[in-house]
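Let's take a walk through this structure, one piece at a time. Have the sequence and the 3D view open as you read.

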Amino acid sequence: MSQKKYWQSFGEVNDPENFQKKSQDEFREELPFEDIDGKGLLDAKAPRRDFLKYLGFSTAAAAMAASCKTPVRKAIPFANKPENIIPGEAKYYATTYVQDGDVVPVLAKVRDGRPIKLEGNNLSLYTNGGTTARAQASVLDLYDTNRNRFPSRKVGNKIEESTYEFLDKTISAAIAAQTGKQIVFLSSTIVSPSTRDIIAKFPNLRHVQYDAVSYSGMLLANEASGFGRKLPSYNFEAAKVIVSLGADFLGTWLSPLEYANGYTKGRKINEKNPEMSKHYQFECHLSNTGANADERFTHRPSEAGAVALALLGALDGTVTAPALADAKLKAGIAKAAADLKANSGRALVVSGSNDINVQTVVNAINNAIGANGTTIDWTRPVNYRQGIDKDVHDLVSQMESGAIGALLIYGANPAYDYHDAEKFKRALTRVPVTVSFTERWDETTELCGYNLPTHHYLESWGDAEPKTGITSFIQPTIYPLFKTRPYQTSLLKWSGTGTDYEASFKAFWSTKLGSEDAFNKALQDGIIMESVGTGGSYTSGAVTTAATAIGTQKKVGKHEVVFYETVAIGGGAGATNPWLQELPDAITKATWDNYAMISMAKADELGVNYKKMEYEYYPQKPVFEFAIGNKKVELPVLVIPGMNKDTIAIAVGYGRGEKLGKTAAGVGQNVFPFTTFNGNTVDYYATDVTITDMHRKHKIAQTQIHNSYEGRVEVVRETTLATFKKNPNLILDYRNKLVENYAKSTGDFRKEATLYPDHVQPGIKWGMSVDMNACYGCGACVVACHAENNVPVVGKSEVLRYHDMHWLRIDRYFVSDEHNADDLKGVVFQPMMCQHCDNAPCENVCPVAATNHSSEGINQMAYNRCIGTRYCANNCPFKVRRFNWSDYTGADSFPDNQDQQLVGKLDPVVFQMNDELTRMVLNPDVTVRSRGVMEKCTFCVQRTQAAKLDAKKENRILADGDAKTACQQACAGDAIVFGNAHDQNSQLSQIRANNPQRSFYVLEQLHVLPNVTYLAKVRNTDEIIEDKHHATKKEEHEAATGEPEKH
Amino acid sequence: MISCKPITQKLTLTFISLIIFSGSKIFSQDGKALFISKCQQCHNVFKEMTGPALGGIESRGPWGDRKELYAWIHNPQGYMEKDPYTQALKAQYNGQVMQAFPSLKNEEIDAIVKYINDTYAAGENAGKSGPGGDKQAEKASSDQNAVIFGVISIILAVIALILMQVNSNLKKMSDDAEGIQRPEPVPFYRNKVYIAMFALIFFVIGGFYLTKGAIGLQRQTNYQPEQPIFYSHKVHAGINQISCLYCHGNAWESKHAAIPSVNVCMNCHKTITEYTGTDKLINGDGEEVDGTAEIRKLYDYAGFDPKNANAWDASKAKPVEWVKIHSLPDHVYFNHSQHVRAGNVQCQTCHGEIQEMDEVKQFSELSMGWCINCHRETKVDFNYKDDKGNKFYSIYEKFHNDIKSGKMDSVTVKDIGGIECQKCHY
């Protein structure tokens, strides 16, 4: 028996009364009202007369603007219309998002010649049509104003525009002149078979692959274990028991999209026979994956090897691990080992460590539990993340010694993310010919002699082979915007071949697939699957050495730091993308920054007073200096529950160079220099860090307490599998009680429990279902919503003022013991968007009827009618309405509306998003909202309307799945299902009918009749939760009165 | 100025129909519709176009035998292989062969031939009827009525004023006669009651016009700008009966009707190099325009030399910068295909008698009230009498039941949500 509490901020746990009181204030910052006491109104800075002056002026200005002559508009048709283009109709082209080895097969939606949105490719079986936040955001990179627009070379210290003809000649000659010296192509992992072919045919070219966040420990361990230098495919769907040793496989580890897809299959519950996979997580900080684990144990980064070894020891008893101090951790290992043993052949262990020894032990564990061939597929090794740290290390040494004559760089940025970037920079000056093919002025490109920017992938031809036998194709969706050229063409030209990449690529595949028709078919589908060979077999030779090495590894420090990737920014590739910077982190809900995550115990030790309401209420966070050796970084700290006591976690990928533009510059600090090379691989943790209080504060823009439910607790429903089996009708009982209390005579809660008449939907009734068991908080839906609905980017300063505009947010709730917030039982992610209530409280408070109900059950918002009273937002119990405080998109007809003098100037990034080039990403079917207007989720009405029109054109009934919302399309876990609730056979109706015990409406007792159902989260633990005392009492009170309980 | 007369039905009956239903029975007016949609892109009854004139077709070649005609229309290429007459035609028309219409039923071909024969016999161009005149007359008469009523009101008001003055004068005289002392009457222009009354009237009338003017801002009914090429819809869609969708085919597929690209113009104008029509082309200022000169302007854009027609390269054409007439605000979503294809609305409903316009002007005010009114009144074909309605609407069970039980006689666009905000604003 245990009791639990759901909470979003420490203030809510420790100081609930004050939290309630404060969260009622609409504005948390100081408002710019002049103090008028004693001085009289006229002495104030903005007295009444000024007000009248402004009023008069604005009226006159409005009248002037309105009486202006209508401009003469031109309508210019095609001169010679291509046959397959229909102006105004979107076309979809299969292509592939490839970034640093991340491969996501996508369909690019092209409207009137410009790609505006990416959707997952449903033909891709291994991603099942899902996408990631970064893939969704990549369309914005195409229109980035900071892309390199022409080829250039350095003359002295100046950068001079050049031509490809000239550079081809110059560079070929320069390379040819490097006799006796090596020519090296340094790149991130190349997954393209046709490019690998080009590189292989380039005479005397040495290819070194380098990944910002490396997996070489795993590659080398697999080689030592007899599988070859390969990374396998993991079948998470086949695993009944999953043990992750610090691998963030739902967030950032290797191929999270694919894993989330497989993982989901084991996590969705059939109510009649509730079974699900069991997920143990051993980790140092609270990761995205850890947040979704059933049971979670923490350890120091330096103990990763010991934990793996202890697990192996518990499984086969052949090895003994160094002693672990934490009793809870030890018990956890024993429990996980027992579960693994019991599920031999249906179990999987993965590790996020980059240490050869740890990975060797993990291979031994997987061998012991029969994972090879069942949950681990060695026949389809993956081709991403193939960089070997030692190769790069050797290369830098050779560069320093002057052995390298020419260095060609694509996709790699060692001047920023190499563990010893200073050494790399020094070494680079010793290389006579340095060429960068990078799209932007990143830290390495700045130092190179030549820059020949390559195309964005949406402008390119190409291919990607994420796994052996699975190839996904890239085809251009827009004519290159700038004077860019594929880097493959440069390689072809300089190797003496006359052709360009397009011709070479087509020839390569036409030959390989046998005919041009087969090639065209493959391009159209975007993906081909071929049969595969066999994998290697396991040899245990390396385990003993690994075990010994782990026993004698470096000492444990007082404070240890672990460096991790965030879902949005990754190794730094996402840093230039405003959508990704503004995507709140799944755990911390912070935007536009990196910071040090510390445990509650560490906060007490450092004197951070996080328990008071004020800690989260105000954005100022204390700044500490973290020093490792002679390297120092100053970062604000965030206190997070469920962290290892002595571990500090800092995200890599921030602190980018000024030349990358307004989005990336000045955001966070770079911590790559703190990673260390251990002789074989790079360690992404440090053990001997010293911490100094800098006695200053830094503002972090977190979104977690922007919206308050005013103390109502029936927002999330979560339980354990054991509790659910024991008492499956907990939620149903609550709902039945509502009927008892409010609909005594008819039993119809919908009709009887209200004074308002019922809305009738004669045809379609749109609805949504969100399975919280399949939501891992990755944020792909949030970015997809950004792209689809022209949601503006507001910048850090505006997020700080609670002006974020996300139509869809993912609420994060910590579930902890009632009395100990640090005893984290789990984290619940709840996507929260407009619930499209049939009895919507926003609708009846609007004085101008700008928001009202449609006959399809959609709560509609007419922007042009809105006068900005914000009554609706204040009356919305879900806090999903967003007000345009400023003209973020430049949509107003008044020219200087973005110039705020009095309060809060807009961030430069907002203006960057208003650039003519960047605005090309806007969806022409969705209004760009202007200042002073309320907006919110529309259920992607432009998509439902389009789907209906298509059905009418084809003279048929609307089919299930014709209309998919952007969030639904983006979701890797299929957590979101949208459809017609009146269609009994729709997936939505089926889910609602088959899950009566888990279905709930958020705040159902308010009788707002939402059209979004949620399925309660179930964690697979044996714990029986008895929350009668806390929640149910409160619920009964609310069920009886409809009012939140007053404290 | 929200006025929408039920002109929709009238126009539907009188003007060219775009959408053709192939029902079980074929009527003679279907022949006309079929001719317009299938044939007139290339054929005219009286004169040669891309293809031969069709008048008197049964007296030529093998077409006296209807079966031969069916075979030819269903598969011209196949038919031509063994038929010398059509082979000769091919040679005559620069090697161009007629498009195949395999889906055209025999009865439909009969209807087309009947229409051709009837029209040929009547000796006049089809579609040149004058119900548009009715409407104009109607509009003019309603305008006249307004003027008459206004004048009468003013006269009556003046009379009332004079009578009041007379009344007060008489009263004064009678008072004088009876020797009653009364204060000197205030002249009417200083009478506070009168001043207040005039002020009130001024504000009401002034307010009405101010509001009306404000609402009308940015509305451009009757906007008739000068275009880079004097393109006459009257000549193309009216006299020559080219289907609207031949050039504006995009309206069938997409939200934009789209102006045709130069290569579409050149489909016909490769051979039609001069304007030989008998109707004069009159521009908005009432001046006559030289049609042949306008065709030459097109050639300039297309980069086409009529003397060396075969050397023309379509990819070298320059786009024509037309002046946009119909503009909707950015916050309005309008989809042509929704109206033209799903809703079976005629082009003329919104664009007026476009086939009578030499120079296009905006016919409708394109205001929200105008849209809404039409959505209130337009009926949706709800599949309740025959199988012509769109199957999409079969899910509206309640309405189908109500129609069956007689509770409703028809379903309007409004009933299925046509006047809700987010049908057009999102």
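## Starting at one residue

Let's begin with A:I650, which sits in strand β27 (residues 647–651) of chain A. Helices (H or I, at least four residues) and strands (E, at least two) are DSSP runs, numbered from the N terminus. A:I650 counts as buried because 24 other C-beta atoms lie within 10 Å. The cut-offs: a residue is buried with 20 or more other C-beta atoms within 10 Å of its own, exposed with 12 or fewer, and partly exposed in between, with C-beta atoms placed from the backbone.

Which residues is A:I650 in contact with, leaving aside its neighbours within four places in sequence? They are A:V561, A:F563, A:N594, A:A596, A:L635 and A:V671. Contact here means that the C-beta atoms of two residues, placed from the backbone, lie within 7 Å. A:V671 is 21 residues away from A:I650 in sequence, and their C-alpha atoms are 7.5 Å apart in space.

## How to read the model

This is a predicted model, where local features need pLDDT of at least 70, side-chain atom pairs count only at pLDDT 80 or more, and totals for chains, interfaces and linings use all residues. Residues are numbered from 1 along each chain as its sequence is written, while chains are lettered from A and ligands numbered from 1 in the order in which they are written.

The pLDDT is the predictor's confidence in each residue, from 0 to 100. Chain A has a mean pLDDT of 86, and 92% of its residues reach 70 or more. Residues 1029–1037 of chain A stay under 50, and the model gives them eleven contacts beyond four places in sequence. The pLDDT is also below 50 over residues 1039–1047 of chain A, a stretch with 18 contacts in the model beyond near neighbours in sequence.

## A parallel sheet in chain A

Four strands of chain A make an open sheet with parallel pairing, in the order β13-β12-β11-β14. Two strands pair if DSSP finds at least two bridges between them. At the edges are β13 (295–298) and β14 of chain A, each pairing on one side only. From one strand to the next, the twist averages 10°.

Strand β11 (residues 241–245) of chain A is joined by five bridges to β14(A), with A:L245 standing opposite A:S351. Five bridges also link β11(A) to strand β12 (residues 278–283) of chain A, where A:K278 is the bridge partner of A:V241.

Is β14 (residues 347–351) of chain A mostly covered or uncovered? Mostly covered: five of its five residues are buried. A:A347, A:V349 and A:S351 are buried on one side, and A:L348 and A:V350 on the other. In a regular strand, side chains alternate between the two faces of the sheet. Helix α12 (residues 356–368) of chain A lies across β11 and β14 of chain A, at about 180° to β14(A); axes are lines fitted to C-alpha atoms, for helices over the stretch in contact, and angles run from 0 to 180 degrees between N-to-C directions.

## An antiparallel sheet in chain A

Another open sheet has three strands of chain A, in the order β1-β35-β36, and its pairing is antiparallel. Its edge strands are β1 (4–7) and β36 (824–832) of chain A. Neighbouring strands are turned by 25° against each other on average, direction ignored.

Strand β35 (residues 809–817) of chain A pairs with β36(A) over eight bridges. A:Y813 has A:V828 as its bridge partner in β36(A).

## Nonpolar cores

A nonpolar core is a set of buried Ala, Val, Leu, Ile, Met, Phe, Trp, Tyr and Cys residues joined through C-beta atoms within 7 Å. The largest has 295 residues, and A:L311 and A:V361 touch the most other members. Helix α10 (residues 304–316) of chain A gives the most to this core, with ten residues. Another core lies apart from it, with 16 residues, including B:F35 and B:L69.

Chain B has 17 helices and five strands, and 23% of its 426 residues are buried. In helix α3 (residues 66–74) of chain B, the buried residues are B:L69, B:W72 and B:I73.

Between the chains, 48 residues of chain B are in contact with 41 residues of chain A. Helix α14(B) gives the largest share of the chain B side, four residues.
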